[in-house]
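Biologist: I have a model open on my screen and would like to learn how to read it. Could you walk me through a few features, one at a time?

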Amino acid sequence: MVGIRPHRIEPKRVEIPPPQAEPAAPPEHAALLKDVVDFLIPLLSSFEAAFYLYFLRHAIVETGQPYARVSMRDLMTKVVRSAQTERNVAFTTVQKCLAGLEKIGAIRKEGGPRRGGSLYRVLLPDEIEACREAKRAARVKPAPAVDMKAEADFYNVRENRLRIFERDGYKCRYCAKQLTRLTATLDHVVPVRAGGGNGWDNLVTACFDCNASKTGRAVGDFLAERASQ
Ligand SMILES: [Zn+2]
């Protein structure tokens, strides 16, 4: 290579990307992790737990979406070592664990294998019936007293927000879409600009789309308008 002058490389103009919205809210991930550890992992075998975390990391944590493409080979070689052989996890063990995770409703296969593996829908603890049940059983705090419901701020206090979501079963009150802690939003029945407060009775669970399209209108107007479309 001696004597050959390298091509002169023009300095590239670096395009600075515009600032983006935070892809995910860390406190929500922390709450999700808590739920996984508290309510899902106790229902799983050790391999199943390890695989679920691997799925979660390649779905919500990586992309913000509840889907992951995962191959059998990766599950055999990249997740944990087999305690017995201290080597890769056996193919049949992986198959058994996937079946176990599907049975409990923690993952759902969304199509046949392709390059890079099969596509799975990864379900979150709030979407898994057995987890919801465990959570209900573990809940020690009683529902807020009636007068407290009117007084307390159910919009700005995180714990209270969750109480509204739980009351509504994590379903959008307008279109009945099943939501999760990550996708649910709160909507004021009587809009704030019309004097609506942050009390228990003035807040409902809504999906992002319904919340965005209702903005600032009373529920009646919103539903009437939607029905006429
Ligand atoms: Zn909706």
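Modeller: Gladly. Let us begin with two helices: Phe 47, Glu 48, Phe 51 and Tyr 52 in helix 2 meet Thr 93, Cys 97, Gly 100 and Leu 101 in helix 5. Two residues are in contact if their C-beta atoms, placed from the backbone, lie within 7 Å. Helices (H or I, at least four residues) and strands (E, at least two) are DSSP runs, numbered from the N terminus. This is a predicted model, where local features need pLDDT of at least 70 and side-chain atom pairs count only at pLDDT 80 or more, while totals for chains, interfaces and linings use all residues. Residues are numbered from 1 along each chain as its sequence is written.

Biologist: At what angle do helix 2 and helix 5 pack?

Modeller: Axes are lines fitted to C-alpha atoms, for helices over the stretch in contact, and angles run from 0 to 180 degrees between N-to-C directions. Here the angle is about 75°, and the axes of helix 2 and helix 5 are 9 Å apart. Helix 2 is therefore roughly perpendicular to helix 5 (the term covers 65 to 115 degrees).

Biologist: Where do nonpolar side chains tend to go?

Modeller: In soluble globular proteins, they tend to be buried together. A nonpolar core is a set of buried Ala, Val, Leu, Ile, Met, Phe, Trp, Tyr and Cys residues joined through C-beta atoms within 7 Å. Buried means that 20 or more other C-beta atoms lie within 10 Å of a residue's own. The largest core here has 27 residues, of which Tyr 52, Phe 55 and Val 122 touch the most other members. Helix 2 gives the largest share, six residues.

Biologist: Which residues does Tyr 52 touch, not counting those up to four places away in sequence?

Modeller: Tyr 52 touches Leu 40, Leu 44, Leu 101 and Ala 106. Leu 40 belongs to helix 1 and counts as buried because 25 other C-beta atoms lie within 10 Å. Beyond its neighbours within four places in sequence, its contacts include Pro 125, Ile 128 and Cys 131.

Biologist: And how do I read the strands?

Modeller: Two strands pair if DSSP finds at least two bridges between them. Strand 1 (residues 67-70) is antiparallel to strand 3 (residues 118-122), with four bridges, and Val 70 is opposite Ser 118. Strand 2 (residues 107-109) also runs antiparallel to strand 3, through three bridges; there, Ile 107 faces Val 122.

Notes
A residue is buried if 20 or more other C-beta atoms lie within 10 Å of its own, exposed if 12 or fewer, and partly exposed in between; C-beta atoms are placed from the backbone. Angles under 35 degrees count as roughly parallel, over 145 as roughly antiparallel, 65 to 115 as roughly perpendicular and the rest as oblique.
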